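Keep the coordinates open as you read.

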Amino acid sequence: MTTVPVYRWRLAPDGLATRRQLRTMGLRPGGQDVVAQLERPRRRRGPLIAYLYLVERAKPVRPMTERRAAALAKANAARRTCPACRQDAGYVIPVSLGCCVPCSSR
């Protein structure tokens, strides 16, 4: 395994970006390998790590099609449907509860 350069928080060179930064530019990594990593120190735990990609090799985000939008809507509806009462809770059901709040308090 090859080691990648490690940069401190806010000290990465120009031309490198995280996934989120690429997304705000309308880009995606596009299958390229990680070229560096960014570390943000924390006091009592290990550092936060973000992987960096080359902006010049990034590809544009794939457009949302009607079928992809429908599949996403269906998946989100499933996350909002309570398995106990089978009703749309209006929010994503917490995994810790496993059902909507009214059903969990019964």
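Strands here are DSSP runs of E with at least two residues, helices are runs of H or I with at least four residues, and both are numbered from the N terminus. Two strands count as paired if DSSP finds at least two bridges between them.

This is a predicted model, in which local features need pLDDT of at least 70 and side-chain atom pairs count only at pLDDT 80 or more, while totals for chains, interfaces and linings use all residues. Residues are numbered from 1 along each chain as its sequence is written, and side-chain values use heavy atoms, with hydrogens and water left out.

Now widen the view. The open sheet has four strands, ordered β1-β4-β5-β2, with mixed pairing. Its edge strands are β1 and β2 (16–17), each of which pairs on one side only. Take the pairings in turn. Strand β1 (residues 6–8) runs parallel to β4, and three bridges join them. Strand β5 (residues 48–54) pairs with β4 in the antiparallel sense, over five bridges.

On one side, Q37 is the bridge partner of V6. In β5, Q37 stands opposite Y51. Is Q37 buried or exposed? Its relative accessible area is 14%, so Q37 is buried. The cut-offs are simple: buried means under 20% relative accessible area, exposed means over 50%, and partly exposed falls in between, with a 1.4 Å probe and protein chains only.

The surroundings of Q37 can be listed. Leaving aside neighbours within four places in sequence, Q37 is in contact (heavy atoms within 4.5 Å) with V4, P5, V6, Y7, I49, A50, Y51 and L52. Its side chain also makes a polar contact with the side chain of E39, at 3.4 Å. A polar contact is a pair of N or O atoms within 3.5 Å; within protein, one must be able to donate a hydrogen and the other to accept it, and residues adjacent in sequence count only if both atoms are side-chain atoms. As background, side chains in a regular strand alternate between the two faces of the sheet.

Move across to A50, which lies in strand β5. Beyond neighbours within four places in sequence, A50 is in contact with T18, A36, Q37 and L38. The C-alpha atoms of A50 and G15 are separated by 15 Å, and the two residues are 35 apart along the chain.

T18 sits in the loop between β2 and α1 (19–24). T18 is buried, with a relative accessible area of 14%. Not counting residues up to four places away in sequence, T18 touches A50, Y51 and L52.

Next, the largest pocket. It holds about 230 Å³ of space. Of its 13 lining residues, R10, A12, Q21, L38 and L52 are the closest to its centre. A pocket is found on a 1 Å grid over the protein atoms alone, as an open set of points where a 1.4 Å probe fits, with protein on both sides within 12 Å along at least five of seven lines; lining residues have an atom within 4 Å of a point. Grid points are joined across faces, edges and corners, and the volume is the space filled by probe spheres set on the points. By class, eight lining residues are nonpolar, three polar and two charged. Here Ala, Val, Leu, Ile, Met, Phe, Trp, Tyr, Cys and Pro count as nonpolar, Asp, Glu, Lys and Arg as charged, and the others, Gly among them, as polar.

At 74% relative accessibility, R10 counts as exposed. R10 has a positive phi of about 70 degrees, although it is not a glycine. Most residues other than glycine have a negative phi.

R86 also has a positive phi, about 60 degrees, and is not a glycine. It is found in the loop between α2 and α3. At 64% relative accessibility, R86 counts as exposed.

Finish with Q87, in the loop between α2 (66–80) and α3 (101–104). Q87 is exposed, with a relative accessible area of 54%. Not counting residues up to four places away in sequence, Q87 touches R80, T81 and C82. Q87 and C100 are 13 residues apart in sequence and 8.9 Å apart in space, C-alpha to C-alpha.
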